[in-house]
Each structure stands twice: as structure tokens, then as C-alpha cells.
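Subject: Handover of a structure

Dear colleague,

Please find the structure below, passed on for your review. A summary of the findings follows it.

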Amino acid sequence: PFPGTYPVVVTDAADWGGWRVPGAEYDRDPARIEFQARLLAAAPRLLDLARALVETVAEAPEDAPPEMLLLARQAREILEPVGNILSPAKDGLTAPARAA
């Protein structure tokens with residue numbers, strides 16, 4: 001945490017915040033920075049919503065309307081890279097690895 005940085009997005013109950021913007025940058029476009037902060041704060045709930053959509057449609061895809069199938073497919077495509085985490089590769093460079 002640095003004085004004069006905005007906004008503070010709390011990412012963990014024991015954390016002081018995981019995303020900060022220098023005051024000078026914040027002053028350039030505070031509405032955009034605030035939107036980004038709110039989007040980051042809502043991301044865990046949006047992730048849960050996307051997962052629930054995929055799981056619900058997967059239970060009975062033949063009963064889902066075409067629009068729901070399309071939305072579930074898009075959600076699955078968005079979720080895929082979220083499940084990839086970076087881990088050291090054999091050569092010491094960073095490589096994607098599947099999350100458990």
C-alpha cells in the first residue's frame with residue numbers, strides 16, 4: 001500500500017488490496033479507473049456465474065435453448081484460460097500449466 005494510490009481493491013480478507021493506481025494516473029480518468037476497480041471486485045462472482053451457466057447447460061444440453069448453448073460455449077471459452085496458471089518450465093521460462 002502506497003499513500004496517494006487509488007483505488008484499493010481488496011483481494012483477500014487478510015490483504016490490504018491487490019490493485020492500485022498511482023494518483024497521477026487516477027487523476028487522468030477516474031471514472032475509467034473506478035470502473036476497472038469495480039469490475040475486478042466483481043470478477044469472482046462473475047466467474048461463479050459463468051461456471052454455473054456452463055454446469056447447468058451441461059446437465060441437459062438437449063433441453064437448453066440455442067441461445068443458452070451459445071452463451072455456455074462462450075463462457076467455457078472464457079473460463080478455459082482462467083484455469084491455466086503459470087509455472088516454471090523445464091528450461092526455466094514460464095509456461096502455462098493446468099490448475100487442479
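How many helices and strands does the secondary structure of the protein chain come to? In this predicted model, the count is three helices and four strands. Read from the N terminus, these elements follow the order β-β-α-α-α-β-β. The chain has 100 residues, of which 16% are buried.

The largest pocket

The largest pocket holds about 190 Å³ of space. Two elements each give two or more residues to its lining, namely helix 2 and helix 3 (66–82). Helix 2 supplies the largest share, with six residues. The lining is made up of Ala43, Leu46, Leu47, Leu49, Ala50, Leu53, Ala75, Ile78, Leu79 and Val82.

The surface patch

A nonpolar patch on the surface is formed by Phe35, Leu39, Leu46 and Leu49. Together, these four residues have about 420 Å² of accessible area. Leu46 and Leu49 belong to this patch and are also among the residues that line the largest pocket.

Leucine 39, another member of the patch, is located in helix 2, which spans residues 30–59. Is leucine 39 buried, partly exposed or exposed? Its relative accessible area is 44%, so leucine 39 counts as partly exposed: this class lies between buried, under 20%, and exposed, over 50%.

With kind regards

Technical notes: Residues numbered from 1 in each chain as written. Predicted model: local features only at pLDDT ≥ 70, side-chain atom pairs only at ≥ 80, totals over all residues. Heavy atoms only, no water. Patch = residues over 30% accessible without salt bridge, like charges linked within 9 Å, V, L, I, M, F, W, Y side chains within 5 Å. Areas by Shrake-Rupley, 256 points an atom, 1.4 Å probe, with all protein chains shown as cover. Salt bridge = Lys/Arg side-chain N within 4 Å of Asp/Glu carboxyl O. Buried < 20%, exposed > 50% of the residue type's maximum accessible area, 1.4 Å probe, protein only. 1 Å grid on protein atoms, 1.4 Å probe; cavity = no way out; pocket = protein on both sides within 12 Å on 5 of 7 lines; lining within 4 Å. Points joined across faces, edges and corners; volume = space filled by probe spheres on them.
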